[in-house]
Amino acid sequence: MSYTFSRTKMIEKIKFGLLSPDEIRKMSAARIITADTYDEDGLPIPSGLMDQRLGTIEPGQRCQTCGNLVSNCMGHFGHIELARPVIHVGYAKKVLKVLRSICPECSRLMLTEEEKERFRQEQIKHRKLFFEGDEDAAKLVFKRARKSKVCPYCGAKKKKIIIEKPTTFYQEEEGKGSRRITPIEILERLKKMTDIDLRTMGISAENARLEWVIFTVLPIPPVCARPSITLDSGIRSEDDLTHKLVDVIRINQRLRENIDAGAPHLIVEDLWELLQYHITTYFDNQVSGIPPARHRSGRALRTLTQRLKGKEGRFRSNLSGKRVDFSARSVISPNPYISINEVGVPIEIAKILTIPTNVNDWNIEEMKQMVLHGPYRHPGANYIIRNDRRRIDLRYVKNRKIIADMLAPGFTVERHLSNGDLVLFNRQPSLHRMSIMAHEVRIMDGRTFRLNLTVCPPYNADFDGDEMNLHVPQSEEARTEAELLLKVQEHILSPRFGGPILGGIQDFISSVFQFTSRDALYNKKSALKLLYLGDIFENNPDFSLDQLEPVVTDPEIMYSGKQIFSTLFPDDLNIRVRSKFCKKCDVCEEEDCPYDAYVEIKNGHLITGTIDENSFGAMQSNSILQRIIKDHGNARGRQFLDSATKMLLHVIRQNGITMGLDEVYVKGKAFEAIQKILEDANEESERLIRAFYENDTKILKRAPGRSMKETLELRIRQVLAEARKKAEELAADYIGDKAHSVIMTKSGARGNILNLGQMSAVVGQQAIRGERINRGYSLRTLPHFKVNDLSPESRGFVSSSYRNGLKPVEFFFHAMGGREGLVDTAVRTSTSGYMQRRLVNALQDMVIENDGTVRNSDKNVIQFAFGDDGVDVMHTDHGSAVNLDVLLLKAKSLDVEKIRTEIKKAPAVKKKETKIEEVSEKKPKKTVIKEKPKKVEAKIHDEEALQKQYEEETGTHAIWRSKETKAYIEWKKQKIG
Amino acid sequence: MTKKRIDVLLHKFVPQHVLLTKEESQKLLQKYRIDVNDLPQMFEKDPVAIAIGAKEGDIVKIVRKSNTTVKFVDYYRYVKKEKV
């Protein structure tokens with residue numbers, strides 16, 4: 001192999017400017033005269049729009065200008081000579097500005113020399129600082145020049161110029177009204193301008209003389225920019241641009257003929273205007289003020305501006321975002337048995353997506369087998385790239401045996417995607433970095449991507465038909481990066497808040513709630529089954545059920561759910577959390593909580609408390625998962641999540657969680673009590689309404705800053721809300737704690753008490769814009785009510801429950817309220833999406849440099865320390881760098897005696913360091929782990945002492961990335977000899 | 001026209017501004033290895049700049065309380081002339 005030197009080329013500068021007529025003619029390969037494209041034989045007409053000199057689009061045909069085939073010919077511009085000049089729409093505004101600033105007679109900028117000089121100096125200064133002209137300064141020039149009435153050079157009076165959108169200019173003549181100024185006249189005026197004047201107005205005289213925006217010659221884009229499509233029926237269909245150009249040429253031709261024939265002025269003017277229209281729409285078919293040019297079918301043409309602009313334009317659709325190879329898209333569905341790091345890939349997809357693998361001495365047999373399998377049998381291969389870089393398509397190979405035997409190191413096999421490969425998985429909208437994560441492939445039957453349920457929150461995915469995309473990294477570098485940075489387990493902790501974004505959802509929460517409640521007991525058989533499902537024996541080979549102390553021995557040995565769940569924790573896990581259903585008593589009884597709402601985990605054992613959403617849910621900081629990851633790393637966190645969900649799945653299957661109508665059926669005394677509450681509330685509001693009409697300020701006391709009417713509304717809403725609340729509580733008491741729906745709400749798995757109350761007791765007040773419903777007919781909401789009826793039922797109070805069914809009027813009010821909610825969400829998502837886009841565009845290239853400063857791509861300092869404190873939120877506890885409560889808890893749970901004896905045992909050199917660590921309370925983590933490393937230490941004591949000595953002497957690491965450094969080895973040789 | 005001047009420095013929304021000496025400025029630029037143009041900017045016409053007498057080319061330290069930290073945070077601004 002020889003070295004190839006890559007030469008780095010730098011772009012020195014990019015110059016933007018206008019094409020001058022001379023330039024257009026110079027670069028033109030053909031002058032286009034005929035408005036037709038092809039003749040009857042289907043051959044391009046010479047000097048027509050499809051002239052072969054403009055480049056070829058037909059394969060096998062050589063370009064008449066450059067002689068290349070389609071793949072190498074990039075196309076050539078042509079040109080049309082216009083019979084009369086025409087203005088470019090995009091520059092009409094600029095032309096107007098300039099016309100207003102210059103003298104109509106001598107075309108000098110209407111400013112005195114001193115003023116001009118001053119503006120020029122400003123510009124030069126600005127250019128020195130920012131390497132570009134100052135647009136704001138140019139604006140000032142126009143503003144100032146417009147004010148002057150008389151030309152300071154020739155003394156001509158300035159005339160007012162008006163524009164009629166988009167491209168017609170008028171000049172007001174004294175006493176004669178306004179007169180149209182033709183493009184010819186404008187062209188003349190602009191041509192007379194001096195270079196210095198142009199420069200003063202911020203226009204480059206070399207690159208963009210303003211007269212060039214008035215076309216006398218129109219460039220015709222090459223054919224490959226407007227390819228024609230041949231339909232199956234053999235009919236040619238031309239591009240929109242070609243259609244537009246046909247119009248331009250036809251009218252241009254007619255205009256020329258009429259002028260030559262000496263046609264009346266009026267006809268020439270009309271044709272000229274038509275030409276202007278066609279050229280305007282050729283550039284932009286959405287100019288305000290003129291009707292868009294249409295196709296015969298009535299569809300508006302897609303011309304130059306439309307090609308570039310907007311979401312579907314060239315920039316946003318083709319340059320910022322491209323379609324890619326090695327990707328797949330399918331519907332997603334759940335599979336709780338695969339790891340969060342995995343993704344189930346349909347075998348059909350795996351047979352299409354490939355990974356290029358270099359053949360070497362170690363994998364040659366495996367690769368041969370894959371080649372033998374070919375492209376249609378799963379662990380196979382689709383292509384082989386030989387060492388002479390020739391590509392062999394295995395689909396067309398008759399005898400794969402020969403090819404397989406040919407395989408040698410240096411070949412590349414594009415093998416099928418198979419188990420264990422890393423792929424990127426993505427769901428739109430990609431709002432944060434967790435929207436794309438790396439998963440390990442697991443080939444599965446079926447046609448959907450399979451995904452662990454706990455990774456739904458970061459993707460914001462559900463399974464109601466969601467689709468997701470999959471991408472296969474092709475290079476070793478990309479795969480390594482994915483492995484180290486993008487794997488799901490690296491994203492359990494969210495950079496948005498200091499906590500895990502993954503965690504139990506929905507049924508897993510219900511399940512863990514039931515599993516760790518006080519009455520969950522399991523006999524030996526079921527305990528073993530659960531332990532097995534939770535991979536306890538796999539992850540901890542020393543474990544045996546005998547290590548657990550049964551809670552009940554008579555009549556049968558029973559283990560509590562708390563104990564079994566504890567086996568999933570690491571030994572040094574210490575947490576105290578309050579459950580979601582904590583009643584927030586005045587004096588917390590902590591461990592003795594009567595509701596079992598105080599979760600305490602001591603040294604890896606769940607002592608009290610029922611685990612629920614607060615300690616196991618997704619997006620909960622200070623949850624079990626976060627503590628595990630902080631102390632033991634992402635891999636251990638993943639293991640916990642994987643095994644816990646598998647165990648809990650079995651629990652919820654055994655228990656069975658469901659919900660029926662009868663669960664929210666409140667009857668008998670409770671129902672009557674609810675009706676009574678509603679009646680009372682109704683009466684109370686009647687009383688208030690009466691007080692309002694009678695102006696009884698004793699009953700209805702006016703609220704500060706509100707009118708009587710507003711006060712009444714406020715009070716009624718209060719009364720009704722209170723009644724709903726009371727009814728809800730009554731219903732909740734009636735339903736009881738054991739109902740499955742209550743378990744779901746209590747544990748935080750899904751829904752809340754309000755939902756339950758609406759189903760069982762009363763739906764409550766419907767509101768539009770935060771007020772009781774008051775729209776509809778004049779003075780009343782529906783014809784069912786009397787005019788000016790302010791009673792609850794006429795203003796949208798729904799007194800039925802969902803279970804009992806809504807009355808027709810109630811149903812209508814409910815629909816009104818529901819519609820408002822829908823509209824709100826629709827509006828919110830679009831506005832917040834656009835806001836996000838703007839923010840991302842503004843912030844995307846900021847980087848935290850090695851000195852801790854936040855800088856943009858120009859290396860300007862934006863912030864001197866990231867977030868003022870330089871702390872990575874991902875590694876914090878809900879935003880704070882140190883969580884003292886947790887540290888204290890850890891310190892408390894340490895076995896002091898054990899540590900003391902160990903300190904005594906430790907070798908003399910070590911002693912110093914251990915003491916320091918003992919004192920510093922900030923790092924109890926290290927003190928906790930102390931036991932383990934010490935055992936190993938005794939064996940390699942000498943080595944360790946040497947390393948210590950080296951480190952003390954040189955101040956550098958002896959071990960770096962678990963390897964001895966070169967310097968250390970050298971040093972050791974010298975020491976020992 | 002005589003305007004009653006308000007001392008902006010006394011307003012509670014105005015954080016403490018400190019004018020750096022030449023040595024301090026040099027130290028700061030060296031610490032971050034930056035040019036004055038890499039700093040965020042403030043105008044010479046800025047009311048606070050006038051109040052503390054900052055001129056073009058000076059560097060101003062702004063001491064602000066932060067939501068995320070207990071300590072006060074220093075920001076730096078490079079004083080510049082406003083364009084016409």
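**Exercise 1.** Determine how α22(A) and α23(A) are oriented relative to each other.

*Solution.* The two helices are roughly antiparallel, a label for angles over 145 degrees. In this predicted model, local features need pLDDT of at least 70, side-chain atom pairs count only at pLDDT 80 or more, and totals for chains, interfaces and linings use all residues. Residues are numbered from 1 along each chain as its sequence is written, while chains are lettered from A and ligands numbered from 1 in the order in which they are written.

Step 1: take the axes of helix α22 (residues 668–694) and helix α23 (residues 708–735) of chain A, which cross at roughly 175° and come within 9 Å. Axes are lines fitted to C-alpha atoms, for helices over the stretch in contact, with angles from 0 to 180 degrees between N-to-C directions. Helices are DSSP runs of H or I, at least four residues, and strands are runs of E, at least two, numbered from the N terminus.

Step 2: classify the contact residues, which divide into 19 nonpolar, one polar and three charged. Contact requires C-beta atoms, placed from the backbone, within 7 Å. Ala, Val, Leu, Ile, Met, Phe, Trp, Tyr, Cys and Pro count as nonpolar, Asp, Glu, Lys and Arg as charged, and the others, Gly among them, as polar.

**Exercise 2.** Describe the side of chain B that touches chain A.

*Solution.* Step 1: 12 residues of chain B contact 10 residues of chain A. Step 2: strand β4 (residues 72–80) of chain B supplies the largest share of that side, three residues. Step 3: by class, the chain B side has seven nonpolar, three polar and two charged residues.

**Exercise 3.** State the secondary structure content and box of chain A.

*Solution.* Chain A has 33 helices and 33 strands. Its C-alpha atoms fill a box of roughly 120 × 105 × 70 Å, taken along the principal axes.

Terms used
Parallel < 35°, antiparallel > 145°, perpendicular 65-115°, else oblique. Contact = placed C-beta atoms within 7 Å.
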